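Please read them with the structure open.

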Amino acid sequence: AQSATSAVKDASPIKEKFPLILCAYQGGPSLNNILGEYLASWGYVVVATSAIRQVATWQANKPQLAINEGVNNLEYLLDFAQSLPFADCQKMGLIGVNFEGMSALLFQMKNMQADAIV
């Protein structure tokens, strides 16, 4: 289902920094864009992973590979977010939905950077 959002493409950046939320959504960000937009409306920078079809197969057959891929995706997102002048990466939360919750937990165990995990 498609729904309208109030996001603005190419909006002018501001000088203030906002807390970062990294999201590992099972199924990709398009399924959870309303949650991301809601969090952004409260002043969070929301950066989400995209779905990779192969990972769905790995979840059933090779779960260790699927979890590792999820951790790598979150590390990539964090590297990307550090390039955003408006993202405060020192104040960070993680969201892991369904299977991706394990990736979020292992990302935190490996990196110890998040202030909160959901």
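**Notes on the predicted model**

1. Leu 94 is placed in strand β3; helices (H or I, at least four residues) and strands (E, at least two) are DSSP runs, numbered from the N terminus. Leu 94 counts as buried because its relative accessibility is 2%. Here buried means under 20% relative accessible area, exposed over 50%, and partly exposed in between, with a 1.4 Å probe and protein chains only. The C-alpha atoms of Leu 94 and Glu 37 are separated by 15 Å, the two residues being 57 residues apart along the chain.

2. On the basis of the coordinates: this is a predicted model, in which local features need pLDDT of at least 70 and side-chain atom pairs count only at pLDDT 80 or more, while totals for chains, interfaces and linings use all residues. Residues are numbered from 1 along each chain as its sequence is written, and side-chain values use heavy atoms, with hydrogens and water left out.

3. Which order do the strands of the sheet take? The sheet is open, has 4 strands and runs β2-β1-β3-β4 with parallel pairing. β2 and β4 stand at the edges with a single partner strand each, so one side of each has no neighbour in the sheet. Two strands are taken to pair if DSSP finds at least two bridges between them.

4. The pairing of β1 can be followed on both sides. β1 and β3 run parallel and are joined by 7 bridges. Ala 24 has Gly 96 in β3 as its bridge partner, and Leu 20 stands opposite Met 92 in β3. With β2, β1 pairs in the parallel sense over 4 bridges. There, Leu 22 has Val 47 as its bridge partner, and Ile 21 stands opposite Val 46. β1 is mostly covered, with 5 of its 7 residues buried.

5. Side chains alternate along β2.

6. Helix α3 covers residues 63-81, which is 19 residues, and reaches 27 Å from its first C-alpha to its last. That is close to the 27 Å expected at 1.5 Å a residue, the expected span being 1.5 Å times one less than the number of residues. The buried residues of α3 are Ala 66, Ile 67, Gly 70, Val 71, Leu 74, Glu 75, Leu 77, Leu 78 and Ala 81. An α-helix has 3.6 residues a turn, so residues three or four places apart point the same way. The cover over the buried residues of α3 includes β1 (18-24), β2, α2 (53-61), β3 and α4.

7. How many salt bridges does the structure hold? There is 1, a salt bridge being a side-chain nitrogen of Lys or Arg within 4 Å of a carboxyl oxygen of Asp or Glu. The side chains of Lys 110 and Glu 75 meet in a salt bridge at 3.0 Å, N to O. This pair links distant parts of the chain, with Lys 110 in helix α4 and Glu 75 in helix α3, 35 residues apart. Lys 110 counts as exposed because its relative accessibility is 56%, while Glu 75 is among the buried residues of α3.

8. Two loop residues have positive phi without being glycine. Asn 98, in the loop between β3 (87-96) and α4 (100-111), has phi near 55°. Asn 98 is exposed, with a relative accessible area of 61%. Met 112, in the loop between α4 and β4 (116-117), has phi of about 50°. Met 112 counts as exposed at 60% relative accessibility.

9. Tyr 38, Trp 42 and Tyr 44 make a nonpolar surface patch of about 400 Å². Patches are made of residues with over 30% relative accessible area and no salt bridge: like charges are joined within 9 Å, and nonpolar side chains (Val, Leu, Ile, Met, Phe, Trp, Tyr) within 5 Å. Accessible areas come from the Shrake-Rupley method with a 1.4 Å probe, and for residues only the protein chains shown count as cover. Trp 42 lies in the loop between α1 (33-41) and β2 (45-48) and counts as exposed at 61% relative accessibility.

Definitions and conventions
Contact means heavy atoms within 4.5 Å.
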